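Have the model open while you read.

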Amino acid sequence: MSTKSSPRPGARHPGASAKRRERPGDQRAAATAAPVPKFRPIHTRRAFEEICERIREQLALGVLKPGDKLPPERDLAQQLGVSRNVLREALRSLEMAGVLRLLKGVKGGAFIQEGDTSRMNDVMRDMLSLGTISIRELSEARVYVLDLVVGLACANARQSDLDALETNIQRTELATKEGRLLDRVECSREFYKLLGNSTRNKVIAMIMDSVTEIHMRFVYAKVASSGVAMSRLAERRRQLVSAIAGKDASLAGRLMRAHLEAVQKMLEQDPGAMSLHVALAEIRPGMRP
């Protein structure tokens, strides 16, 4: 007959040693152990970015001005303590940003630009392409910006501005009479630029130029595809300029709003003319950049 053997004196349960090893002190130590440190990567500015910043600082301080020429490449690289390849990368970056103009040849070099407001047009197109802004938002912004532009023009336009606008209207009349409708679109583009300049506010003029640039692509596409253009355009333009000359901001604002609504209605009759493809298309022959 088999009997169960009783545990021998001193024998331990299989889990006893494990339990004995897990002393309360050990558990407390594990709980209070310092967390594993996690370090964020260090982002150091690349050399060419530092060079760009140095040149921009000199512009901000007034040491460098539009038209000034930077030191020769070899001298500038030595002053900055960088290789000529790194310096060239920085200069190309500033050229793309519209800060510098790089010329080759005996009289070439890196020259400070006057400032290219068309860069904002590129930014606007990129934002449309990336989906950051929509065509609807752009059209809405244009209405409000032109409200502001017309008001400022009424307050600040000089006789030279009014004369330039009248000359533009005469060109519009001639283009209409001769059936040169695409040239008439170019007249419209110039009209808005002149109107923006008459505000005597470069920031406002630059913003208006950006929102108008893309909108004029829609108008150009519509006219090019259908041959349809706004009727009585020169007459509407002359009424607006007359209101600006008389400093009647209320009337000028109403006239501009009515015109913009008519243009928008014309464009919406052809959904293809208001497509993103049109807004982002390359400039066609006859359209100024």
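**Notes on the cavity, the pocket and the cysteines**

1. The largest cavity has a volume of about 160 Å³. A cavity here is a set of points on a 1 Å grid over the protein atoms alone where a 1.4 Å probe fits but cannot get out, and lining residues have an atom within 4 Å of a point. Points are joined across faces, edges and corners, and the volume is the space filled by probe spheres set on them.

2. Bear in mind that this is a predicted model, where local features need pLDDT of at least 70 and side-chain atom pairs count only at pLDDT 80 or more, while totals for chains, interfaces and linings use all residues. Numbering runs from 1 along each chain as its sequence is written, and side-chain values use heavy atoms, with hydrogens and water left out.

3. Who lines the cavity? There are 18 residues, and Ser 188, Val 219, Met 230, Leu 233 and Val 263 lie nearest its centre. By class, the lining has 12 nonpolar, 3 polar and 3 charged residues.

4. On to the largest pocket, with about 290 Å³ of space. It is lined by 13 residues, and Glu 73, Leu 91, Leu 102, Gly 109 and Ala 110 are the closest to its centre. The lining splits into 7 nonpolar, 2 polar and 4 charged.

5. Cysteines: the disulfide count is 0 (a disulfide being a pair of cysteine sulfur atoms within 2.5 Å).

Definitions and conventions. On a 1 Å grid over the protein atoms alone, a cavity is a set of points where a 1.4 Å probe fits but cannot get out, and a pocket is an open set with protein on both sides within 12 Å along at least five of seven lines; lining residues have an atom within 4 Å of a point. Ala, Val, Leu, Ile, Met, Phe, Trp, Tyr, Cys and Pro count as nonpolar, Asp, Glu, Lys and Arg as charged, and the others, Gly among them, as polar.
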